[in-house]
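User: Please go through the charged contacts of the structure shown below.

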Amino acid sequence: EKQMNAQLGGLFGQSLFGSWSDPSSVLIAEQADYKKKTRHHGYLAMLTISLVVALTAWLITTGLGLRESDQRHRIADDLKAFLQDGDLGNAALFFKKLAPASQSIEASDPHLDLIARAEATFYRFVDADPARMKNIENLLRFGNSQDPDNLIARGLMLSAEERSAMLTEIKTMSDREKREPEIQYLLATAFDRSKKTAEADRAFNRSEDLGPHHLVHLERMAEFFRRRNDADQADMVVDRMIDIDPHSPWTKLARALQTIPYGKTHLVSKSDLQDALPDSNTQLPPVLAAEWHFAMAIADLRANREKNASEHLQAAYEKVHHQPAFLIDFFMRLIDLGQYSAADIMRSSSHWPQNRPSALAATEKLERILAKEVRKDKTD
């Protein structure tokens with residue numbers, strides 16, 4: 001065969017047709033080249049599929065992450081709305097969704113200040129839990145002090161007396177955040193303790209306009225008017241609370257406190273208070289239970305039942321776990337009510353936060369009042 005190929009090459013001339021090659025060798029070479037190209041295309045196809053799979057997985061993961069982020073933003077919006085409206089039951093449910101107890105809160109969490117605000121709201125109006133206070137302090141270390149939720153969290157952790165030291169900061173935030181009822185509430189209490197009664201009145205009314213269903217704010221507003229001996233305004237606030245929810249313990253508390261005038265000459269029976277108490281099967285949150293004990297103590301003090309009053313005051317202090325902000329608030333309210341002896345006993349307690357600047361200032365105020373009373377007695 002090779003000889004035939006050589007003869008054909010000689011016959012036709014190699015220069016004209018080129019050297020004659022063996023067809024079988026050409027075929028083998030083409031097959032090898034085809035296999036090489038096929039392998040190359042196979043590798044390329046596998047690489048393409050891998051890239052498509054990876055891209056698809058990334059898109060799915062990113063999409064799920066975005067959906068989770070969007071859902072969390074919606075939960076945060078709902079939580080804030082419930083907090084503004086004073087619906088603490090629903091706020092607690094959405095808080096658990098936003099910040100599950102099983103998950104730690106990262107310093108970079110976009111909702112960190114809102115979470116701190118929610119914790120502070122539950123601390124101030126629900127349980128006065130010392131562990132919650134520590135959690136709030138940890139959150140605020142990483143928070144944004146210019147965020148309104150951050151300011152609200154800080155304000156709610158303090159006594160009203162301490163809040164008055166934040167008056168300028170709260171006022172500045174109030175001018176910026178005009179639709180936030182909690183800031184108006186903080187502003188009202190700060191003005192009140194700063195003896196700026198007219199400004200406090202306006203801030204309380206703005207708080208009511210912005211958060212008309214916030215029963216805790218309304219109860220404090222009614223107390224503000226009672227302390228000013230403005231019974232008509234206080235009754236109007238309580239009537240609004242009754243329209244909102246007549247069965248709420250906060251509403252019942254406000255109604256009961258209408259029987260305790262802010263004048264030292266009144267004697268009050270406890271029957272109205274006892275009749276207004278929630279039934280014995282109702283478990284009151286610690287802060288609300290403390291308010292009830294404080295109200296019962298005042299009624300006892302009005303009727304010169306010092307032993308019973310002392311028991312109720314001790315129960316009130318225990319319900320709030322002797323937390324300094326609450327103790328200072330009770331102390332100042334005793335002074336407002338003219339119950340100087342009870343306040344004097346309170347500051348002698350081992351739980352009195354004597355090294356806290358606001359507690360020192362409150363004690364000095366009581367000492368000035370007592371000194372004035374002594375001088376008055378000597379003159380008489």
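User: Does Arg-117 count as buried or exposed?

Analyst: The relative accessibility of Arg-117 is 0%. With buried set at under 20% relative accessible area, exposed at over 50% and partly exposed in between (1.4 Å probe, protein chains only), Arg-117 counts as buried.

The model is predicted: local features need pLDDT of at least 70, side-chain atom pairs 80 or more, while totals for chains, interfaces and linings use all residues. Residues are numbered from 1 along each chain as its sequence is written, and side-chain values use heavy atoms, without hydrogens and water.

User: Which residue in the loop between H9 and H10 pairs with Arg-117?

Analyst: Arg-117 also forms a salt bridge of 2.9 Å (N to O) with Glu-180. This pair links distant parts of the chain, 63 residues apart. Both partners are buried. The loop residue is Glu-180.

User: Which helix holds Arg-333, the partner of Glu-291?

Analyst: The side chains of Glu-291 and Arg-333 meet in a salt bridge of 2.9 Å, N to O. Glu-291 lies in helix H16, so the pair ties together parts 42 residues apart in sequence. Glu-291 and Arg-333 are buried. Arg-333 lies in helix H18.

User: How many salt bridges does the structure hold?

Analyst: Salt bridges with shared partners join Glu-161, Asp-192, Arg-193, Glu-223, Arg-227 and Asp-336 into one network. The number of salt bridges in the structure is 25.

Key. Salt bridge = Lys/Arg side-chain N within 4 Å of Asp/Glu carboxyl O. Helix = DSSP H or I, 4+ residues; strand = E, 2+ residues; numbered from the N terminus.
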